[in-house]
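Dear colleague,

Please find below the structure that I am handing over to you. My notes on it follow directly after.

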Amino acid sequence: MDDPVQPRSADPRPRRRDRHGRGMRGPVAPPQVPLSSSRGEAFTDLVQDSVERLERRWPQLAEIEFVVLEVPPLGGPDADWQDEVVPLGGTVQAAEGQPARVIIYRRPVEIRTKGRDERAHLVHEVVVEQVAELLGLSPESVDPRYGDEE
């Protein structure tokens, strides 16, 4: 009896179709739609918007590096918060060859907010507070609208 089914070759080939013969799926949304950006990218955009808003008033902020981290560190010299409330942000003073840094922690901010508008407001407040600490000013002098409900 002849067997018409040929054995598979050992060459790994990319699959062109799924088992139902429909083909590979495409992206869910085009890249320019907000749905296609990740939560981390959307959060970074909120921080960047806040920084741009402050840079109009404080051009020296261009020399400060703004960083988004997932969560605050548990160990090390910056981890003196363990018995307190989890910080939403932090600062690092400029050192030899290193610019000053403002750090925003994404997950603690996201946990404390419900929607995008509320998140944008809290991100801006955290950025203002950290910039004020770095510059040695009050948050109200960094942004006169600080503390206002938007």
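Strand 3 (residues 101–105) is largely enclosed by the rest of the structure, because four of its five residues are buried. Buried here means under 20% relative accessible area, with a 1.4 Å probe and protein chains only. Please note that this is a predicted model, in which local features need pLDDT of at least 70 and side-chain atom pairs count only at pLDDT 80 or more, while totals for chains, interfaces and linings use all residues. Residues are numbered from 1 along each chain as its sequence is written, and side-chain values use heavy atoms, with hydrogens and water left out.

Strand 3 pairs with strand 1 (residues 65–69) in the parallel sense over five bridges; pairing requires at least two DSSP bridges between two strands. Within this pairing, V102 of strand 3 lies opposite F66. Strand 2 (residues 89–92) runs antiparallel to strand 3 and is joined to it by four bridges, and V92 has R101 as its bridge partner in strand 3.

**Chain as a whole**

The protein chain holds four helices and three strands, in the order α-β-β-β-α-α-α from the N terminus. These elements are DSSP runs numbered from the N terminus: helices are H or I with at least four residues, strands E with at least two. Of the 150 residues, 29% are buried.

**H124**

H124 is located in helix 3 (residues 116–135) and counts as buried because its relative accessibility is 6%. Beyond its neighbours within four places in sequence, H124 is in contact (heavy atoms within 4.5 Å) with S50, R53, L54 and D143.

Yours sincerely

Definitions and conventions. Buried < 20%, exposed > 50% of the residue type's maximum accessible area, 1.4 Å probe, protein only.
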